[in-house]
Amino acid sequence: MKFHRSLVWRISFVYAVLVIASLAALVFLLREDSPRQSIAELQEQKEGEALLAVTILAPFLVDPTYSSDEESLQEVATTLFRWTGSDVTVISLAGEPLASSHWDDVVSGRTGTSSYDFQSDNNLFLARLGDVATSQRRTFHADYSQVLYTAAPVMNGGNVVGVLRLETPVPDPSLGIETAQIWLAIWGLALGALGLMAIRLVARRSSGTLQAVTEASQQLEQGDYDHLLPAGADDETRQLAEAFNRMADTVKGVIDRLSSERDTLSAVLETMADGVVVTDPVGRVSLLNPAAQDLLGIRAQQVEGLRLVELARDNELHRLLTRCQEEKSRQQAEVSLILPLRYLSAIATPLDNNGSVLLTLHDLTRMRQVETSQREFVSNVSHELRNPMASIKAMVETLESGAVNDRQVALDFLFRMRGDVDRMNGLVNDLLELSRMESGQFMIDAEPMDLVPLVHAVRKEFSETAAAQEVNLVEDLAEDLPLVMADGEKLTQIFLNLVENSLKFTPPGGEIRIGAEAEDEQVQIVFRDTGIGVAPQHLPHIFERFYKVDRSRRDSGTGLGLSIVKQLVEAHGGQITVESKEGEGCAFTFTVPRAQ
């Protein structure tokens, strides 16, 4: 590329010419401009001229032969005007104008229309006393101007015989422009115009490419990464277009790659089960995925910008973050949250040296519940098996000791032993049945059946037990109840388990109500009791196997009854729910399909 064709050289050359021309004009202006006369110098000059002029005027005011001709005195005033450049007025001691550089003033003074008052004019008053006086005044008649007034006494033998006044316009410095300066200004303007024209001519060849670059940059800013520049004719503009196009392709590739990575990361964060939280050095949340929001029980819609301590009020979690920031190392701990009740595995990882932290949360609640339920299940099953077996062993030992010869005692022991064996057999059957249900080997033999006889049978079976516990067992069935499609044996098991569960936790004087009503394509059955109820935190887990609401209750249950009920209801194609208020009882509602 030739140097003289480069855009930098052309613009630099034009601007260098303009700078040199401007400097030359400034030097010329400083060399030719002469300093202007000051007011003090002008005042001194006019006072000297006035003293010289009064010596010329004195003979005309003293010798009648001089003053007999008024035109001669007027000619002297006109001559003084041409000499001094100031308006000249000759005034008598009576205040009348005797001559003036303007004849109209004399005529006006002779007709009495104009006279001078020595008392009101300080300069004239001082001159009347024999002193030379000068003052500067501003006038606002036709336009704003300044005038220098100089008054001098006309003396004869030490006596004042008249007064001379000079009126000198004071030049305005702002308007004192000389001809050379005017031409200099014109020359400078012409040079500037020529410079602008030269710049326009030089830049016109490259303006098309620059405009295209500007428009392409705007398109790039708006997200149009496919917009490319056409190659120019000049080497430099063509290289600029090619460089811009390469930059646009690079930016497009980077943006596409970042967008893809962002979408992938966003999808992962949105769908992953583990919680992810990112905090800045002061603890403000900069990222929070839905799983973390659910695990920490955060209900705020806008969480970014808020501190984590304001969203999740847990000391263990905040101590973990603080320890990670202080030690600049990965920290791990198991955190127990109270609201909501959860067990979390929390890992805090420092992101940089500034104090930002990545917090990952894994929910251990289900695992802890399963472990707890399994421990309780083993304990309950062991208890349920140990008691009957201990009872059977004691009765066998008693029979071996000779009680077998007592027929009545032997029959009573055999009856009690059979009951204990039935209890153990029932427990084993429940475990086997639940195992078959969860393994998918369980089948429902559904057929049309009437609910009314089934409810009567269940009520009759528990009538003695309910009466012994002073609990009222009530049927509340709708009239014209339609047939349902169900397995009679399994549906009966559902009813028995629910009634048994309600009897277990309904105090004396309470009530258990069995209701049923038809809906569109199913029949809804409700078991409602007035028992002790269930706390809200237990309701989501009440149908889990091995789960017992109050572990302090020393009942004979194993926590399998409601889990079996749920499996049986869902096997019939229905759903079961529970509603409860602690101290007011429970309501179990499930559905069974209607028979077609």
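## Overall composition

Of the 596 residues of this predicted protein model, 36% count as buried, that is, they have under 20% relative accessible area, whereas exposed denotes over 50% and partly exposed the range in between (1.4 Å probe, protein chains only). The protein has 17 helices and 17 strands, taken as DSSP runs numbered from the N terminus (helices H or I, at least four residues; strands E, at least two).

Contact means heavy atoms within 4.5 Å. Among contacts between residues at least 6 apart in sequence, 57% join residues at least 24 apart.

Residues are numbered from 1 along each chain as its sequence is written. Local features need pLDDT of at least 70 and side-chain atom pairs pLDDT 80 or more, while totals for chains, interfaces and linings use all residues, and side-chain values use heavy atoms, with hydrogens and water left out.

## Packing of helices 16 and 17

The axes of helix 16 (residues 488-505) and helix 17 (residues 561-571) come within 9 Å and cross at roughly 145°. Axes are lines fitted to C-alpha atoms over the stretch in contact, with angles running from 0 to 180 degrees between N-to-C directions. The crossing is left-handed, a term for a near helix turned anticlockwise from the far one by less than a right angle.

Helix 16 contributes K490, Q493, I494, N497, L498 and N501 to the contact, and helix 17 contributes G561, L562, I564, V565, L568 and V569. These residues divide into 7 nonpolar, 4 polar and 1 charged; Ala, Val, Leu, Ile, Met, Phe, Trp, Tyr, Cys and Pro count as nonpolar, Asp, Glu, Lys and Arg as charged, and the others, Gly among them, as polar.

H572 is found in the loop between helix 17 and strand 16 (576-581). H572 counts as buried because its relative accessibility is 9%. Its side chain reaches the backbone nitrogen of D487 at 3.1 Å. Leaving aside residues up to four places away in sequence, H572 touches I444, M485, A486, D487, K490, L491 and P593.

## Loop residues with positive phi

K328, in the loop between helix 11 (315-327) and strand 8 (331-337), is a non-glycine residue with a positive phi near 55°. K328 is partly exposed, at 41% relative accessible area.

E470 lies in the loop between helix 15 (463-468) and strand 12 (472-477). Its phi is near 60°, likewise positive in a residue other than glycine, and E470 is exposed, with a relative accessible area of 55%.

Key: Polar contact = N/O pair within 3.5 Å; in protein donor to acceptor, adjacent residues only side chain to side chain.
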